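Q: Please take a close look at the loops of this model, with an eye on the backbone. Then place them in the rest of the fold.

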Amino acid sequence: MAPDAEDPSYSRCGKDVRRNCVIDGDTLRVQGIVIRVADIDTPETSRPGCTEEKLLGERATTRLLELLNAGPFGLIAWKRRDEDRYGRKLRVLMRHGRSLGSILISEGLARPWTGKRQPWCSFTTRRTSGAPKAS
């Protein structure tokens, strides 16, 4: 699977944009197929745990867009499995022998994927879910 040669530009995914677009810092659509960047984890933008996570997630999303639009890249199958539990294809994005995810990591916008989610918010900035329990 390679980027669409007829339309190599990427934008943010939205209601009318669902072909070559970025959903968040580690998820995109290539030719309409949802791809999860397999070698990184970036902060959430749709359901962040705190304001800092939301802001960093937006920066990671913007930077991924810049990297994708900087030129052709390849999609390499993930060594462990083809899809995640949500049906997204797991791929590493490569350009000139370097993972685009490693660029996000070096810029502090992502961390290596370890196989499980880690919190992006410190204990003091995490939101609590729901109302406090009555005792």
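A: A residue is called exposed when its relative accessible area is over 50%, buried when it is under 20%, and partly exposed in between. Note also that the model is predicted.

Start with His96. It sits in the loop between strand 7 (89–95) and strand 8 (98–99). Its phi is positive, at about 50°, although His96 is not a glycine. Most residues other than glycine have a negative phi. Is His96 buried or exposed? Its relative accessibility is 82%. That value is over 50%, so His96 counts as exposed.

Now Gln31. This residue belongs to the loop between strand 3 (27–30) and strand 4 (33–37). Gln31 is not a glycine either, yet its phi is positive, at about 55°. Its relative accessible area is 31%. Gln31 is therefore partly exposed, because 31% falls between the 20% and 50% cut-offs.

Strand 3 pairs with strand 2 through three bridges, and the two run antiparallel. They form a hairpin with two residues between them. Asp24 stands opposite Thr27 of strand 3. Strand 2 (residues 21–24) is also joined to strand 1 (residues 11–12), by two bridges. Here the strands run parallel. Ser11 has Cys21 in strand 2 as its bridge partner.

Then the chain as a whole. It holds two helices and nine strands. From the N terminus on, the order is β-β-β-β-β-α-β-β-β-α-β. Of its 135 residues, 39% count as buried. Take the contacts between residues at least 6 apart in sequence: 54% of them join residues at least 24 apart. The accessible surface comes to about 8,200 Å². Carbon and sulfur atoms account for 53% of that surface.

Last, the open space. Rolling a probe the size of a water molecule over the atoms shows where empty space is left. The largest pocket has a volume of about 380 Å³. Its lining is made up of 18 residues, and those closest to the centre are Arg36, Asp84, Tyr86, Arg88 and Trp113.

Notes. Residues numbered from 1 in each chain as written. Predicted model: local features only at pLDDT ≥ 70, side-chain atom pairs only at ≥ 80, totals over all residues. Heavy atoms only, no water. 1 Å grid on protein atoms, 1.4 Å probe; cavity = no way out; pocket = protein on both sides within 12 Å on 5 of 7 lines; lining within 4 Å. Points joined across faces, edges and corners; volume = space filled by probe spheres on them. Helix = DSSP H or I, 4+ residues; strand = E, 2+ residues; numbered from the N terminus. Buried < 20%, exposed > 50% of the residue type's maximum accessible area, 1.4 Å probe, protein only. Pairing = 2+ DSSP bridges. Contact = heavy atoms within 4.5 Å. Areas by Shrake-Rupley, 256 points an atom, 1.4 Å probe, with all protein chains shown as cover.
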